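Here are my notes on the model you sent over.

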Amino acid sequence: MYLHLGQDTVVRTSDIIGIFDIENTSLARSTRGYLAQAEKRGLVVNVSYELPKSFVVCEEDGKQRVYISQISSATLKKRSGYIDNIANVK
């Protein structure tokens, strides 16, 4: 299954490590450091140049990539079926 992150960008849901709200998580120094290092390494993909609302960390072919999206983390989680999958865990 694939998740549409905005514009022309989709990722496989099996590649997703985490979906994060950029406003809440960027308050932590460790998150800001992680995002800065990912940017320096060229691992960040800006899906849109609109105001970012979330970032999605993926591992594709053994390489991490960070997607910055204008779509909220709550919407992305719903689209991915993440909440449904948690409810079905036994």
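The points below go through the sheet, the helices and the cores.

1. Before anything else: this is a predicted model. Please read every number below with that in mind.

2. Let's start with the sheet. It is open, built from 4 strands in the order S3-S5-S6-S4, with mixed pairing. S3 and S4 (44-46) are the edge strands, each pairing on one side only. From one strand to the next, the twist averages 20°.

3. How do S4 and S6 run relative to each other, parallel or antiparallel? They run parallel, and 3 bridges join S4 to S6 (residues 63-69). If you want a spot to check by eye, Asn 46 stands opposite Ile 68 in S6.

4. Two helices lie across strands of this sheet. H2 lies across S4, S5 and S6, at about 110° to S6. H3 lies across S3, S5 and S6, and runs at about 145° to S3.

5. In H2 (residues 29-40), have a look at Thr 31. Is Thr 31 buried or exposed? Its relative accessibility is 18%, and the cut-off for buried is under 20%, so Thr 31 counts as buried. Leaving out neighbours within four places in sequence, its contacts are Thr 25, Ser 26 and Phe 55.

6. H3 spans residues 73-80, and its buried residues are Ser 73, Leu 76 and Ser 80. These cover an arc of only 60° around the axis, so they sit on the same side of H3. Just after the helix, Gly 81 takes a positive phi of about 80°.

7. Now the nonpolar cores. The largest has 11 residues: Leu 3, Leu 5, Val 11, Ile 16, Ile 19, Val 47, Val 56, Cys 58, Tyr 67, Ile 71 and Leu 76. At least two residues of this core come from each of S1 (2-6), S3 (16-21) and S5 (54-60). Apart from this core lies another of 9 residues, including Val 44, Phe 55, Val 66 and Ile 68.

8. A few residues turn up in more than one of these points. Leu 76 is a buried residue of H3 and also a member of the largest core. Phe 55, a contact of Thr 31, belongs to the 9-residue core. Ile 68, opposite Asn 46, is in that core too.

9. Last one: which residues does Val 47 touch, leaving aside neighbours within four places in sequence? Val 47 is in contact with Leu 5, Gly 6, Gln 7 and Thr 9, and also with Tyr 67, Ile 68, Ser 69 and Gln 70.

Terms used: Residues numbered from 1 in each chain as written. Predicted model: local features only at pLDDT ≥ 70, side-chain atom pairs only at ≥ 80, totals over all residues. Heavy atoms only, no water. Buried < 20%, exposed > 50% of the residue type's maximum accessible area, 1.4 Å probe, protein only. Arc of directions from axis to C-beta. Core = buried A, V, L, I, M, F, W, Y, C linked by side-chain atoms within 4.5 Å. Contact = heavy atoms within 4.5 Å. Pairing = 2+ DSSP bridges. Axes fitted to C-alpha atoms, helices over the stretch in contact; angles between N-to-C directions.
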